[in-house]
Amino acid sequence: MSEHERYAEDLALYALDALQGEDRARVDEHLASCAACRLELEQLRGDTALLALSATGPRPPQRARQRLLDAVAREPRLPRMVEASQRRSWWGWLGWAATAAVVIFALSLWRENSALRQNLLSASSRAAQNRRELEELRRLAAPILEPDAQRVTLVAAKAPPQPQGKAFYLRSRGSLVFLANNMPPLPPQKAYELWLIPASGAPIPAGVFKPDARGNASVVNPPLPAGAEAKAFAITVENEAGSPAPTTPVLMVGAGE
Amino acid sequence: MGLKSGDQGAMAELYDRYSSVVYAVALRVLGDTGAAEDVLQEVFLQLWRRPGAFDAARGSLGSWLAVITRNRAIDSLRKRRPETDIEDVVLSVAPDLAADAERTRAAEKVRGVMGSMAPAQRSALEMAYWEGMSHSEIANKTGEPLGTVKTRIRAGLIALRKAFQN
């Protein structure tokens, strides 16, 4: 029996948070030195997520939402930086999509920061530097993260809500966040597919998505080839499994600003 | 002028997307609406206080919230202190399921896989997952050897994984 097989069953219990005491310590010790078992643990946790997601039931009562937002308002993480009047003009333009994108970028940066912290022995100075940069990022992002900031999207008078998508692409990291709203519903077995249109060559698949009941959708960090230069982004309708190349006319397109 | 007002904040947006998943998981474990609301509040406040705990590059927020909610609810059910830090909960890519229709479909699929398992395997997995029973508690209750219980739990999880890979 291989080393990994010996731990396989304990890893399943570990993923269920059901391993205590000495058994848990023994697995912890093994995990510290075994990447294969760490990967297996992550997969088993993914499996437990499937179980969790099978729970369905009533929505939480409305008061729970207000209770949370009140608690969040009592715990401002970030200093107020912008007066209300300035904030409004900013946010009218940026809208919710930018908010979500900045939050997602900040989440990934904070995660990097915490990973660095765990590695203090070898990288203490880098961690400190990183932390300073993140503090700066938090400061800059403060008005975006303020829960009571007003965000308004202006559209032409009397126009029906138009489908709108915003792509935020960081070529150096191969990181893409795409958010859409007012997307029309699709027939069954169909999905929208996002394309990165490179300066030369064929469109690159950049994620398949389906809007929710309110027409909102997002694609976060789809697999992309390293360093792809984006001339534009476009959307087509494809089969829900996605297509390696567009098979229908472009519905929405936008070039970088 | 047409005016479409946006969201009240990123947190409200996240809450609206994921609160039904979080609440359903907490309620399934605890069976009590008040206790489930407390866990719901705690999970979202943790996300607010420590957004860095979630790794956006791996897994999906919906699945991650479901897993930490289940763990918190079990801790609350068994009146024990949380042993796993939320930052250490990393899971490989699993469906996000922010949209209700998608979630309903996945939930049906999971229930289908559970329904096709041998009853002893299904109940071992359910006792471990939804009641937070340890393998020795399950072995005591069912009169089966410890090793059998462990094998059943792992095989049950792998069966779910396979169903979603196809």
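**Entry 1: α4 of chain A against α2 of chain B**

I started with helix α4 (residues 62–74) of chain A, which packs on helix α2 (residues 33–49) of chain B at an angle of about 35°, the axes being 10 Å apart. I am working on a predicted model, where local features need pLDDT of at least 70, side-chain atom pairs count only at pLDDT 80 or more, and totals for chains, interfaces and linings use all residues. Residues are numbered from 1 along each chain as its sequence is written, while chains are lettered from A and ligands numbered from 1 in the order in which they are written.

My helices (H or I, at least four residues) and strands (E, at least two) are DSSP runs, numbered from the N terminus. Axes are lines fitted to C-alpha atoms, for helices over the stretch in contact, and angles run from 0 to 180 degrees between N-to-C directions.

From α4(A), the contact takes in A:Ala64, A:Arg67, A:Leu68, A:Ala71 and A:Val72. From α2(B) come B:Glu37, B:Leu40, B:Gln41, B:Phe44, B:Leu45 and B:Trp48. I call two residues in contact if their C-beta atoms, placed from the backbone, lie within 7 Å.

By class, I find eight nonpolar residues, one polar and two charged in this contact of α4(A) with α2(B). Here Ala, Val, Leu, Ile, Met, Phe, Trp, Tyr, Cys and Pro count as nonpolar, Asp, Glu, Lys and Arg as charged, and the others, Gly among them, as polar.

**Entry 2: the two α3 helices**

Next I looked at helix α3 (residues 35–53) of chain A and helix α3 (residues 61–77) of chain B, which pack at about 80° with axes 8 Å apart. That makes α3(A) roughly perpendicular to α3(B) (65 to 115 degrees; under 35 is roughly parallel, over 145 roughly antiparallel, and the rest oblique). On the α3(A) side I listed A:Arg45, A:Gly46, A:Thr48, A:Ala49, A:Ala52 and A:Leu53, and these meet B:Ser63, B:Ala66, B:Val67 and B:Arg70 of α3(B). I sorted the residues of this contact into five nonpolar, three polar and two charged.

**Entry 3: a helix pair within chain B**

I then turned to α5 (residues 119–130) and α7 (residues 146–165), both of chain B, and found them packed at about 85° with their axes 9 Å apart. So α5(B) is roughly perpendicular to α7(B) as well. B:Ala120, B:Gln121, B:Ala124, B:Leu125 and B:Ala128 of α5(B) meet B:Val149, B:Arg152, B:Ile153, B:Ala155 and B:Gly156 of α7(B). Seven of the residues in this contact are nonpolar, two polar and one charged.

I also stopped at B:Gly112, which sits in helix α4 (residues 100–116) of chain B. Its C-alpha is 9.7 Å from that of B:Ala163, 51 residues apart along the chain. B:Gly112 has 11 C-beta neighbours inside 10 Å and so counts as exposed. The scale is buried at 20 or more other C-beta atoms within 10 Å, exposed at 12 or fewer, partly exposed in between, with C-beta atoms placed from the backbone.

**Entry 4: chain A and its sheets**

I counted six helices and eight strands in chain A. From the N terminus, the elements run α-α-α-α-α-α-β-β-β-β-β-β-β-β. Of its 257 residues, 31% count as buried.

I traced an open, antiparallel sheet of four strands in the order β5-β4-β7-β8 (two strands pair if DSSP finds at least two bridges between them). β5 (204–209) and β8 (252–255) stand at the edges with a single partner each, so one side of each lacks a neighbour in the sheet. From one strand to the next, the twist averages 20°. Inside this sheet, β4 (residues 190–198) and β7 (residues 230–239) pair antiparallel over nine bridges, and A:Pro198 stands opposite A:Ala230.

I found another open sheet, with three strands in the order β2-β3-β6 and antiparallel pairing. Its edge strands are β2 (164–170) and β6 (217–220), each pairing on one side only. Neighbouring strands here are turned by 5° on average, direction ignored. Four bridges join β3 (residues 175–181) to β6(A), with A:Phe178 opposite A:Val219.

**Entry 5: two positive phi values**

Most residues other than glycine have a negative phi. A:Asp17 has phi near 65°, in the loop between α1 (3–15) and α2 (21–33), and is buried with 24 other C-beta atoms within 10 Å. A:Asn182, with phi of about 60°, lies in the loop between β3 and β4; its 17 C-beta neighbours inside 10 Å make A:Asn182 partly exposed.
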